[in-house]
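Have a look at the chain below, then try each task before reading its solution.

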Amino acid sequence: MRCVAVFVGINHASAKVDFDNNIQLSLTLAALSIGLWWTFDRSCSGFGLGVGIAFLATLITQLLVYNGVYQYTSPDFLYVRSWLPCIFFAGGITMGNIGRQLAMYECKVIAEKSHQE
């Protein structure tokens, strides 16, 4: 739950906190996203999952913007907002942790059932 709360905080900060420029916003969100990974995951597979999701989701978003399906009011870099990969990275880490916790719970329930029979 703490990881989800931090992710919601990062997402909220990207929308509500005013920064002088987009580079400052992107660097701050990148640091917060890496901090989220360091605090709640610290695994190479989790970092790879976050980077992979950030890359693929940003690529898909860029393709949607390029084809006119979606548009930004003011794109930063190659038709994409520069803070977007940071949000996708943090979301990937958060969803990975949720999935890991659900899998651990399922394994625990199955182990308890087999001991009772």
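**Exercise 1: the largest pocket**

Task: find the volume of the largest pocket and describe its lining.

Step 1. The largest pocket holds about 240 Å³ of space. The model is predicted, so local features need pLDDT of at least 70 and side-chain atom pairs pLDDT 80 or more, while totals for chains, interfaces and linings use all residues. Residues are numbered from 1 along each chain as its sequence is written, and side-chain values use heavy atoms, without hydrogens and water.

Step 2. A pocket is an open set of points on a 1 Å grid over the protein atoms alone, where a 1.4 Å probe fits, with protein on both sides within 12 Å along at least five of seven lines; lining residues have an atom within 4 Å of a point.

Step 3. Among the lining residues are Met1, Phe40, Thr94 and Arg100. Helix α4 (84–116) gives the largest share, five residues, and α1 (2–16) also supplies at least two. Helices here are DSSP runs (H or I) of at least four residues.

**Exercise 2: the annotated spans**

Task: which residues does UniProt give as "transmembrane region"?

Step 1. The unreviewed UniProt entry lists 25–40, 47–66 and 78–98; such annotations may be inferred rather than shown by experiment.

Step 2. Residues 25–40 are 100% helix, with end C-alpha atoms 22 Å apart. For residues 47–66, also 100% helix, that separation is 28 Å.

**Exercise 3: Leu59**

Task: where is Leu59 placed?

Step 1. Leu59 sits in helix α3 (residues 44–66).

Step 2. Leu59 counts as partly exposed because its relative accessibility is 37%, between the limits of 20% and 50% (1.4 Å probe, protein chains only).

Notes: Grid points are joined across faces, edges and corners, and a volume is the space filled by probe spheres set on the points.
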